[in-house]
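Please keep the structure open while reading.

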Amino acid sequence: MNSFLHDSPARAHAFDLSASSHELDALGSWRDRPRVQQPTWPDAESLGQVFSSLRSSPPLVFAGEVDVLRHRLAAAARGEAFLLQGGDCAETFAESGANQIRNKIRTILQMAAVLTYGASVPVVKMGRMAGQFAKPRSADTETRDGVTLPTYRGDAVNGFEFTEASRLPDPERLWRMYTTSAQTLNLMRAFTSGGFADLREVHAWNQGFIAGPGYDRYEELARQIDKAIRFMSAIGADFEALKVVEFYSSHEALLLDYEEALSRIDSRTGEIYGCSGHFLWIGERTRQLDGAHVEFMSRIRNPIGVKLGPEASVEDALRLIDKLDPEREPGRLTFVTRMGAGRIRERLPRLVEGVRDAGAQVTWVTDPMHGNTITSSNGYKTRRFEDILDEVVGFFEVHRAAGTVPGGLHMELTGDDVTEVLGGTGEIDEAGLARRYETLVDPRLNHQQSLELAFLVAEMLGKR
């Protein structure tokens with residue numbers, strides 16, 4: 001599972017925490033650009049106090065970790081690795097306990113084991129975790145029974161309960177986002193370096209989950225891994241590389257006040273890093289070339305992603321590359337495509353070929369979730385598992401035809417046995433959605449569906 005040796009310099013480097021705000025002033029240029037999807041904070045003084053507290057607090061991630069990830073993503077762009085990114089649509093404070101975090105990490109580790117063993121490819125493991133507490137919304141307000149209130153924008157902004165007090169944006173929630181993210185990262189690091197992620201524990205990762213066809217298939221793979229490890233042991237192999245894994249955090253850099261407050265200057269280079277997470281991305285709704293989000297992200301050193309929907313043009317992609325990756329640095333820029341199963345084979349080829357023909361090298365990743373959202377006849381926001389699978393297959397087909405590299409998979413998933421996505425070997429139907437529909441925003445794959453998808457992707461990677 002530990003696909004990469006720790007062959008880089010020390011993973012954590014000091015930041016100049018005493019740097020004056022003047023040295024970070026360049027980041028504030030986003031405030032002069034058109035802004036979208038930003039909350040209307042009612043108390044500017046309270047926001048300023050929280051901003052100051054965040055600015056003076058320790059960073060959540062470090063420059064050395066971020067730099068290693070950039071190299072890993074460059075490898076994925078070349079076809080020498082594969083990115084697996086997964087987690088909640090939107091994290092909540094209430095569901096950020098140790099059990100929920102462990103189950104998500106365990107699911108991603110299991111998926112990575114399937115991909116690594118089934119396709120013989122190193123897997124870059126990344127969670128939509130420790131920062132994914134805010135979501136863009138299609139409307140600023142929501143109306144129920146004649147009452148109109150601000151829409152729920154994630155726990156980082158306001159509460160889900162439909163009351164005036166709950167829906168009022170509260171800057172203090174940004175501070176709780178920071179402390180909850182710090183706790184999550186602490187657990188992530190403990191789980192992935194303290195023996196839990198040891199590849200020799202592949203059977204233990206399946207304990208506690210409901211039996212089913214997906215698990216039976218995983219158990220067979222686990223037995224094969226055990227057999228390979230016993231062989232390695234017999235010939236005196238060193239198992240140190242199996243004990244820990246690299247596991248990175250990511251989220252959409254939506255709330256720019258928070259992102260600016262958590263940016264730091266690296267004492268080695270004088271460059272600015274966004275220290276709220278290792279990998280940050282710009283959403284489909286916020287990727288305006290002259291907008292605040294693109295401006296902010298162009299000024300930080302992290303590897304960054306941009307979501308591209310079915311209406312994205314080649315010109316959009318090339319101008320984003322010029323703005324966000326002018327040096328054409330391997331691993332710097334990832335395009336995460338979200339087309340929908342019915343449109344990916346039509347819309348993605350022109351983007352992939354246009355970027356290829358321009359000589360740019362980005363990491364191409366598929367998000368097969370957001371383009372396939374539907375509403376069930378009984379009123380649930382859901383997705384069909386068969387559509388998700390079809391978009392993944394289409395993603396690989398397009399890249400195969402273009403001679404380019406399918407570099408990764410971006411999923412909304414949970415480690416729990418929820419019933420939010422229709423289909424899969426569990427045969428969740430519309431009536432079944434009511435059994436355990438827990439998401440507050442978008443539907444997620446459950447543990448068994450996630451494993452099913454991993455086996456499909458392993459097959460596609462094997463053909464790559």
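Arg 230 is exposed, with a relative accessible area of 55% (buried means under 20% relative accessible area, exposed over 50% and partly exposed in between, with a 1.4 Å probe and protein chains only). The model is predicted, so local features need pLDDT of at least 70 and side-chain atom pairs count only at pLDDT 80 or more, while totals for chains, interfaces and linings use all residues. Residues are numbered from 1 along each chain as its sequence is written, and side-chain values use heavy atoms, with hydrogens and water left out.

- Arg 230 is part of helix α6, residues 213-234 (helices are DSSP runs of H or I with at least four residues, strands are runs of E with at least two, and both are numbered from the N terminus).
- From C-alpha to C-alpha, Arg 230 and Gly 118 are 18 Å apart in space, and they are 112 residues apart in sequence.
- Thr 180 sits in helix α5, residues 172-193, and counts as buried at 7% relative accessibility.
- Not counting residues up to four places away in sequence, Thr 180 touches Phe 93, Ser 96 and Phe 133 (contact means heavy atoms within 4.5 Å).

**Positive phi in loops**

- Most residues other than glycine have a negative phi.
- Ser 120 is not a glycine, yet has a positive phi of about 55 degrees.
- Ser 120 is in the loop between α3 (98-119) and β2 (123-127), and counts as exposed at 67% relative accessibility.
- Asp 145 is likewise not a glycine and has a positive phi of about 50 degrees.
- The loop between β3 (141-144) and β4 (147-150) holds Asp 145, which is exposed with a relative accessible area of 84%.

**Packing of α3 on α13**

- The axes of α3 and α13 come within 8 Å and cross at roughly 25 degrees (axes are lines fitted to C-alpha atoms, for helices over the stretch in contact, and angles run from 0 to 180 degrees between N-to-C directions).
- That angle makes α3 roughly parallel to α13 (under 35 degrees counts as roughly parallel, over 145 as roughly antiparallel, 65 to 115 as roughly perpendicular and the rest as oblique).
- The α3 side of the contact includes Thr 107, Met 111 and Gly 118, and the α13 side includes His 447, Val 457 and Leu 461.
- By type, the residues of this contact are ten nonpolar, six polar and no charged (Ala, Val, Leu, Ile, Met, Phe, Trp, Tyr, Cys and Pro count as nonpolar, Asp, Glu, Lys and Arg as charged, and the others, Gly among them, as polar).

**Packing of α12 on α13**

- Helix α12 (residues 385-402) packs on helix α13 (residues 447-463) at an angle of about 15 degrees, with the axes 11 Å apart.
- That makes α12 roughly parallel to α13.
- Among the residues in contact are Phe 385, Leu 389 and Arg 400 of α12, and Glu 452, Val 457 and Lys 463 of α13.
- The contact of α12 with α13 has ten nonpolar, one polar and three charged residues.

**Nonpolar cores**

- The largest nonpolar core has 110 residues, and those with the most contacts inside it include Trp 364 and Val 457 (a nonpolar core is a set of buried Ala, Val, Leu, Ile, Met, Phe, Trp, Tyr and Cys residues joined through side-chain atoms within 4.5 Å).
- Helix α3 gives the largest share of this core, ten residues.
- Another core, of 14 residues, lies apart from it and includes Val 68, Ala 76, Tyr 248 and Trp 281.
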